[in-house]
Amino acid sequence: MGFISFHSPVGDLSIAENDNLIVSIDWGWGSLEEKTPLLDEAKNQIAAYFNGKLKKFDLPILSPGTAYQQQVWEFLQTIPFGTTKSYSELAKIIGGSARSIGNANAANPIPIIIPCHRVIGKRTLGGYSGGEGIKTKEYLLNIEKLFNTP
């Protein structure tokens, strides 16, 4: 299993991979690094995303979760860069409730790459469990808005 940490505009990030698949992104700095080519590529793609040069990640991922969570996370990856969907819109498409969509988002093990920040409430941005919470979600949405040119 490989593991690296690095600085990003939304705080320190740590990425883990196992068997050549990205398995997690967490906020904070890990203590034991074991670099791999895949982790270097993930770091490069995340840097390109923050610089507005990458709108869709191309990394092999494995996001363990329930069948429902898997369905939500797969759908999240189809939401285009710079756009959002509401929790209730996703619930109508996928099934379940807005709350169950929010719970699946909160359990997302690979934020940013699986863009749970693109799901918002009808009247508010909703929640965000990574980094500094809603402030981080706002930042991610704002950079996508800034760099969302055809």
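Asn18 stands opposite Leu21 in E3. The model is predicted: local features need pLDDT of at least 70, side-chain atom pairs count only at pLDDT 80 or more, and totals for chains, interfaces and linings use all residues. Residues are numbered from 1 along each chain as its sequence is written, and side-chain values use heavy atoms, with hydrogens and water left out.

E2 and E3 pair in the antiparallel sense over six bridges. Two strands count as paired if DSSP finds at least two bridges between them. Strands (E, at least two residues) and helices (H or I, at least four) are DSSP runs, numbered from the N terminus. The two strands form a hairpin with two residues between them. Asp19 sits in that turn, with a positive phi of about 50°.

## The three-stranded sheet

The sheet is open and holds three strands in the order E1-E2-E3, with antiparallel pairing. Its edge strands are E1 (2-6) and E3 (21-27), each pairing on one side only. From one strand to the next, the twist averages 20°. Axes here are lines fitted to C-alpha atoms, for helices over the stretch in contact, and angles run from 0 to 180 degrees between N-to-C directions.

E1 pairs with E2 (residues 13-18) in the antiparallel sense, over five bridges. Phe6 has Leu13 in E2 as its bridge partner. Helix H1 (residues 37-50) lies across E1, E2 and E3. H1 runs at about 140° to E2.

## Ser5 in strand E1

Ser5 lies in E1. Is Ser5 buried or exposed? Ser5 is buried, with a relative accessible area of 6%. Buried means under 20% relative accessible area, exposed over 50%, and partly exposed in between (1.4 Å probe, protein chains only).

The side chains of Ser5 and Ser14 are joined by a polar contact of 2.7 Å. A polar contact is a pair of N or O atoms within 3.5 Å; within protein, one must be able to donate a hydrogen and the other to accept it, and residues adjacent in sequence count only if both atoms are side-chain atoms. Not counting residues up to four places away in sequence, Ser5 touches Leu13, Ser14, Gly28, Trp29, Gly30 and Glu33. Contact means heavy atoms within 4.5 Å.

## The buried side of H4

Helix H4 spans residues 98-106. Ser100, Ile101, Ala104 and Asn105 are buried in H4. They cover an arc of only 145° around the axis, which puts them on the same side of H4. The arc is that of the directions from the helix axis to the C-beta atoms.

What do the buried residues of H4 pack against? Their partners are helix H2 (67-76), helix H3 (87-94) and strand E5 (119-120).

## Ser86 and its partners

Ser86 lies in strand E4 (residues 85-86). At 9% relative accessibility, Ser86 counts as buried. Leaving aside neighbours within four places in sequence, Ser86 is in contact with Val119 and Ile120. The C-alpha atoms of Ser86 and Gly121 are separated by 5.2 Å. Along the chain, Ser86 and Gly121 are 35 residues apart.

## Positive phi values

Most residues other than glycine have a negative phi. Asp19 has a positive phi although it is not a glycine. Asp19 is placed in the loop between E2 and E3, and is exposed, with a relative accessible area of 65%.

Ile112 also has a positive phi, near 75°. Ile112 is placed in the loop between H4 and E5. Ile112 is buried, with a relative accessible area of 1%.

## Salt bridges

How many salt bridges does the structure hold? There are two. A salt bridge is a side-chain nitrogen of Lys or Arg within 4 Å of a carboxyl oxygen of Asp or Glu.

One joins the side chains of Glu144 and Arg118 (2.8 Å, N to O). This pair links distant parts of the chain, 26 residues apart: Glu144 in helix H5 (residues 134-147) and Arg118 in the loop between H4 and E5. Glu144 and Arg118 are buried. Another joins the side chains of Lys135 and Glu132 (3.4 Å, N to O). Lys135 and Glu132 are exposed.
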